[in-house]
Amino acid sequence: MEHELLLKNISKSFSGVQALKDITFQAKSGEIVALLGENGAGKSTLLKIMSGVYFQDAGEIYLDGQQMHFTSPLDAIRSGINIIYQERQLVYDLTVMENVYMENIPAKNGFVDYKNANARTQALIDMFGLPFKATDKVSSLNVAHQQMVEIIKAVRRKCPVIAFDEPTAPLTDSEIEGLYKIIRKLREEGKIILYVSHRLQELFDLTDRVVVMKDGVHVTTVHTSEVTSQDLVRYMVGRDLGDIYDRLDRCTKIGETLLEVKNLNNKWLKDVSFSLHEGEVLGFAGLIGAGRTETMRAIFGVDKLDSGQILIGGREVSIRSPKEAMKYGIGLCPEDRKHQGLVLGMNVRENISMSVLPSVVKNHFLNRQLEEELADKVIKQFSIKTPTSGKVVKELSGGNQQKVILGRWISTNPKILILDEPTKGIDVGAKAEIYQTVHDLAKAGIGVIFISSELTEVINVCENIVVMYEGRITAQLNREKDHVAEETVLSAAMDHLNK
Amino acid sequence: MMGEKRKKSFVDVVLGSNSMTLFVIWVIVILVFSVMNANYHTLQNTTNIFYSATTVGLMAIGETFLIIAGHMDLSISALAAMNGVIVALLIQAGIPWPAALLIGLAIGAAVGVVNSALANVFNIQPFIATLAVSQICEGVGYILSDGRPIPIRDRAFISLGTYKIGGIVPIPVLILLAFFIFCGVILKKTTFGRKIYIIGGNREAAHLAGIDPKKISTVLYILSSLIGALAGGILAARMHTGQPTACAGADLDAITAAILGGVALSGGKGDMLGCFIGLMIIQCFNTGLSVIGVSSFWQSVAKGLLLIMALILDYVRMKRMEQ
C-alpha cells in the first residue's frame, strides 16, 4: 500500500525562542528522506512533534491524507509513525521478544503467549537475516543488534513511517553497512523513511532526497543525486566551508618523545606498543571494541594492566588512578560526553574548574572571581556558545559541551592529551573547530591522541595513525608518507582481511 | 524585550528559588500558629523548638552531605542509641565523661569506616549496607544494656545536654547551630565541598576528572557517624540515661528534613541552608500542633503532608522554569 506523509507549516517555539518556523515537506512510500542541519537547526524538535512528544504551535501533519492529532507517543505509534532515537528505548534485562512486543504482548486468557510471540518475533529476525534469537536478552546483544531490535519493533508495529535519529552514531563502519541493507529493505517494502545524520557521506550512500534545515527554517529540499557534499554544507551552515581538511592549519613539527608504551597487556589488550611525540597528532582507528578506548583507560590509570611499561619523558612510571595520570601531565576527554565527561546538572564554570580546583582557591576557600576568570578564559579561547559561565551545561549543544571538557583539560596544562571520539554527534562547524583546536594544541607542543571511528576524519586530521583490531595494533601509518587511503586503514581494522 | 523589566509578581519571588519557597512556608507556619496561640512565639517556646530539633538536626547534616554525594546513611540513629548506652556504661564504670565520649566517638568513626567499606569496596547499595549496619548497632545497644535504660549520674556530663547559656540557649542548640554553619561553609566554599557535588552529580565523570569518589564518600561516612555518635551522647546527657530505644527513626526524620529542604535523593543537589529550613519547618509545625493541643500522633501525618507539599512545589517550580 502506498503511503504519503505531509507536514504543513509546522511552527513551534519554546520560551519565546522560535525552534521551528513554517516547516513544510512531504515524503512518500519507497523514499528515504534525510533531515539535515546543524545542532539546534530543529531536527530533533521536528521528530518530537511527529512522535507526539511535543505539540506544534501551528501547522498540520497528514498521513495518507488524514490529519493527525497526537497527544502522546503512543498516539503517534498507533497512527503509524515510529521514531528510533539515538538513545535506545529498550529494557535491557528483557528478551528481544519482550522488547519487540513491549506495549502489546500477545496473550491467551490473560497469560503471555510465549510460543506464538517468540515465533512471530523470530520470523521478523529471520526476515532481516540477523543472527540473534527472539529469546536472547537484549543486554547480551551488541549495540548494532540492539538497534536492530528497535527496527524490528517498528516493523512489528506496522508503522508506515520510520524515522531514524542519528542511527549510525554508535556503529562501526561494517555495522553501518548492515544497517543500510535493512533500511533499503524497508524502503522496498514501501515504508517512508526519515533519516537524520551528521555524516554527509551517509546521505549520499542512502537517501533519495535531503531536507535541509537551518535555525528552525526549511532552507531547501534537494535530490541527493543532484548535489555535492559542499553544496549540502553550504545550505546547512549558510556559508561555504570549503574542504575543512584542506583549510586545517596543521602542526607538522614533531619533537621529543613524550609517551612510550611497551607491550601493554590486560583483559582487553595484547602487546600494545606505540609512542607519542611533542606536537604529534596521533590517530587511533579501528572498530568499536578494538581496544582503543581500553588502551587509553589503561594509560590513564582507570583500568589495571597485567603487564607492560609506560614511559613518560623516558622514565618508567606506574599510574594507578586518573589523579596520578594528571600528575604526569596526561589529560583524557572520555568517549561518552554525557556519562563520563560532564556533570550535566552543574554549570559551565563548575564543569571547567573541576580538575583544577586548587587553582581557584584563595585563602582556603573557593574563590568565585578566580573561578569565573578561568571559565571566561576557556569560553573565549574555545568560543563556547553560552550566555554566561553560569549556564547549566546540560542546555548546551553537543559541540559546546565537548569544548567545555576540552577546556577543562587544557586548564590542567597537559603535555599529553587523549581525545576519545571528540566529534561524536556534533555538527560540521563544531567539528572543524575541534580539528583546528587539536592542531593548535599540537603546535604548542602537546602530544595529542585522537580516537575516532570515522575513518575519513582520522585519515585527514591525524599525522600518524595507529590501527587496532581485537586488542592488538595491526598497523601504524603516516599520512604523508603512506598516502593513507580508507581501504588501507579499513583492512587493518578488520585484521582477518589481510591474513 | 531588552531593557524592559517585567515586574516580578509575589508568586515569582516565592517560587524563584528553593530556599525562598521554603523560607516563605516557614514564615507562614510560624504566623499561623502564632495567631492560633499567643504562647507560640515566646522566647521560651522558640528555644524549645531548637532544642527538640538537635538530635534530628545533627543527623540531617550528615545525611545532607551523604545524599548530595549520592549516598545515604540509615545507621545513624541506631548508632546514636548504641553510643548513648556505651557512654552511659563507661561513665557508670567510673571512666571520666570526656574519655567516655571520646571512646564513643571512636566507635562511631569505626562504624563509618564499615559503612564506607561496604558501599565502596563491596559495592553494596548504601541503603542496604547501612540498613544492615543499623540492625547490628541496634542489637548491640540492646545486648549491652540488656534492654534497660542505663542511668547517668555525672552532673558535668548531664549539663552537656541540659545547661543553658545565659539561662536561655541550651548547649546542644549551640552545637547544632555551630555545626550547620561550619558544614554549610565546608559544602559551599571549599574544594572538598565542591567535590561532594561533583561525585553526587556524576561519579564516573568525577573519577575521570581526577577526583576520588571513594575517598570523599569515606570521609563523609565517617563524618556522618561521628555526628551520629555525638548526637547519641548529647541525647543520653539530656535524658540522664543511655537508652537502646532512644531516637529510633530519627535518621528517617533527618532524611525527610533534608529532602524537604531541597536535597535531591538522586544526588548532586541541595545545601545546608535548605536542610536547616526544612528541619525548622517540621519542628515548628510539630511544636505548633502540640501548643494548640493537637495529639502528637498527628505530627507524623503532618510531616508526611509537608514533604508531599514541598515536592509538589518543587515540581511546580521546575515546570515554570521550563516555560
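Begin by selecting chain A of this predicted model, where, among contacts between residues at least 6 apart in sequence, 68% join residues at least 24 apart. With chain A still selected, colour by secondary structure to find its 18 helices and 24 strands. Turning chain A along its principal axes, you will see that its C-alpha atoms fill a box of roughly 70 × 55 × 50 Å. Its radius of gyration is 24 Å, which agrees with the value near 23 Å that a compact globule of 499 residues would have, and 47% of the 499 residues of chain A count as buried.

Next, show both chains and look at where they touch, a contact that takes 23 residues from chain A and 18 residues from chain B. On the side of chain B that touches chain A, the elements giving two or more residues are helix 10 and helix 11 (203-208) of chain B, and the largest share, 5 residues, comes from helix 10. By class, that side of chain B has 8 polar, 5 nonpolar and 5 charged residues.

Now select residues 191-201 of chain B, which form helix 10, together with residues 213-239 of chain B, which form helix 12; the axes of these two helices come within 10 Å and cross at roughly 115 degrees. Helix 10 and helix 12 of chain B are therefore roughly perpendicular to each other, and helix 10 passes helix 12 in a left-handed crossing.

Finally, display side chains here: B:Lys195, B:Ile196 and B:Ile199 in helix 10 meet B:Pro213, B:Ile216, B:Ser217 and B:Leu220 in helix 12. By class, this contact between the helices has 5 nonpolar, 1 polar and 1 charged residues.

Notes:
Residues are numbered from 1 along each chain as its sequence is written. Chains are lettered from A and ligands numbered from 1 in the order in which they are written. This is a predicted model: local features need pLDDT of at least 70, side-chain atom pairs count only at pLDDT 80 or more; totals for chains, interfaces and linings use all residues. Axes are lines fitted to C-alpha atoms, for helices over the stretch in contact, and angles run from 0 to 180 degrees between N-to-C directions. Helices (H or I, at least four residues) and strands (E, at least two) are DSSP runs, numbered from the N terminus. Angles under 35 degrees count as roughly parallel, over 145 as roughly antiparallel, 65 to 115 as roughly perpendicular and the rest as oblique. A crossing is left-handed if the near helix is turned anticlockwise from the far one by less than a right angle, and right-handed if clockwise. Two residues are in contact if their C-beta atoms, placed from the backbone, lie within 7 Å. Ala, Val, Leu, Ile, Met, Phe, Trp, Tyr, Cys and Pro count as nonpolar, Asp, Glu, Lys and Arg as charged, and the others, Gly among them, as polar. The radius of gyration is taken over C-alpha atoms; the globule rule is 2.2 Å times the number of residues to the power 0.38. A residue is buried if 20 or more other C-beta atoms lie within 10 Å of its own, exposed if 12 or fewer, and partly exposed in between; C-beta atoms are placed from the backbone.
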